[in-house]
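Hi,

Here is the structure I said I would pass on.

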Amino acid sequence: MSFQQIQDVSAAVLTSMTEEECADWHRKRGTHVIRHCNRYWKETVRGFYQPLHWLARLSAEEATFPTSLCWGFQTTLCEVDATIANASMPIHCLPNLENYDLQSVTANRRNHLRRCYKRVNIVQLNELTLLHEQGYEVFLSALKRTAYRQIPSKKDYLTGLADYVAPEQRLILAGLNGTDLCGYVTGYAVNGIAYIDEVIIATEALSTYIGTGLLFEFAQVCRRSGLIRELVNGLHSREDEKLCIFKEGMGFQVKHIPAKVEINSIIERFIHWRYPHKYYRLVGHD
């Protein structure tokens, strides 16, 4: 494995895109992106839209139906217009990124970090080679354990890697045991806010506590940048108690961001009845 493929995590860099750059990046990935009131939206499911930049915090004038051909939308709101909020977005975020260090995590997680560093070398991936060679097996192992999405074919996985490594847009940190890939985390930043995108860990590597190490080091890259002020680690999956405990132990607190949600009433009642946890993530309450 050459140095060109990997880089020491202490030298890893994550730069922040503008919303326009983020929109161009998503279009190249095949995402349906539209522009409305000079903000960029994506169709998350057929007919439903969210801003590409989750925490863009739109104004009242911007927080309107992005297209007439949709049945609903969700967006966070700026502080000035938070009074028009009819919902909230429940997220996991670090409350004090600029001071995030070992004392920001629980004693148990600090112990896990020490054990991780003894077993795993965390690096930044600069090329796709390692993921092409070993990524699918790790991805397959993770999906069989978590069942959070349908398992793609190896061909589809490799095709999906095409836009993974773009140093100016996405950061990939990987955990290695020797030359063996144990897991990886990906993320990106827009206008000073970083988002953790995927955390993929092979089941057989869980005992190394690689997940703790990857998350901590990703936060450190964001902190060292001096340009990123917030780090978001996904929506609050309250039904997954173990995941929530893990994130909270790593310092990620649940925060409700004022939001505006407009949705077809019939569809809203169906989601509330059939998918109560998804409904909670949509509006921030039961």
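**Salt bridges**

Glu 239 is partly exposed, with a relative accessible area of 40%. Bear in mind that this is a predicted model. The partner of Glu 239 is Arg 281, and the salt bridge between them has its closest N and O atoms 3.0 Å apart. That pair links distant parts of the chain: Glu 239 sits in the loop between β11 and α6 (241-249), while Arg 281 belongs to helix α8 (residues 276-283), 42 residues apart.

A search of the whole structure turns up eight salt bridges. Another one joins the side chains of Glu 19 and Arg 39, at 2.6 Å from N to O. Glu 19 is in helix α1 (residues 19-28) and Arg 39 in strand β3 (residues 39-45), so this bridge ties together parts that are 20 residues apart in sequence. Glu 19 is buried at 11% relative accessibility, and Arg 39 is buried at 14%. Glu 62 comes in as well, linked with Glu 19 and Arg 39 in a network of salt bridges.

Then there is Glu 137 with Lys 154, where the closest N and O atoms are 3.7 Å apart. Here helix α3 holds Glu 137 and helix α4 (residues 154-160) holds Lys 154, so the pair ties together parts 17 residues apart in sequence. Both ends count as partly exposed: Glu 137 at 41% relative accessibility and Lys 154 at 36%.

**The nonpolar cores**

The largest nonpolar core has 51 residues, and those with the most contacts inside it are Leu 14, Leu 173, Tyr 184, Phe 218 and Leu 231. Several elements each supply at least two of its residues, including α2 (107-119), β8 (171-177) and β10 (193-201). Helix α5 gives the most, with eight residues. Leaving out neighbours within four places in sequence, Phe 218 is in contact with, among others, Leu 14, Leu 173, Tyr 195 and Leu 231. A second, separate core of 17 residues includes Cys 22, Trp 25, Leu 55 and Ile 193.

**Rings**

The count of aromatic pairs comes to eleven. In one of them, Tyr 100 and Phe 216 have ring centres 5.5 Å apart and planes at 40°, so the pair is tilted. Tyr 100 is in the loop between β6 (87-93) and α2, and Phe 216 is in helix α5, 116 residues apart. Both of these residues are buried.

Tyr 188 and Tyr 195 also make a tilted pair, with centres 5.5 Å apart and planes at 35°.

What does the side chain of Glu 230 join in a polar contact of 3.2 Å? The partner is the side chain of Arg 57. Glu 230 lies in strand β11 (residues 230-235) and is buried, with a relative accessible area of 14%. Among the residues Glu 230 touches are Leu 55, Leu 97 and Ala 194. Ala 194 is in strand β10 and is buried at 0% relative accessible area. Besides Glu 230, Ala 194 touches residues including Leu 14, Cys 222 and Val 232.

Cheers

Note on methods: Residues are numbered from 1 along each chain as its sequence is written. This is a predicted model: local features need pLDDT of at least 70, side-chain atom pairs count only at pLDDT 80 or more; totals for chains, interfaces and linings use all residues. Side-chain values use heavy atoms; hydrogens and water are left out. Helices (H or I, at least four residues) and strands (E, at least two) are DSSP runs, numbered from the N terminus. Buried means under 20% relative accessible area, exposed over 50%, partly exposed in between (1.4 Å probe, protein chains only). A polar contact is a pair of N or O atoms within 3.5 Å; within protein, one must be able to donate a hydrogen and the other to accept it, and residues adjacent in sequence count only if both atoms are side-chain atoms. Contact means heavy atoms within 4.5 Å. A nonpolar core is a set of buried Ala, Val, Leu, Ile, Met, Phe, Trp, Tyr and Cys residues joined through side-chain atoms within 4.5 Å. Rings of Phe, Tyr and Trp (its six-membered ring) pair if their centres lie within 6.5 Å; planes under 30 degrees apart count as stacked, over 60 as edge-to-face and the rest as tilted. A salt bridge is a side-chain nitrogen of Lys or Arg within 4 Å of a carboxyl oxygen of Asp or Glu.
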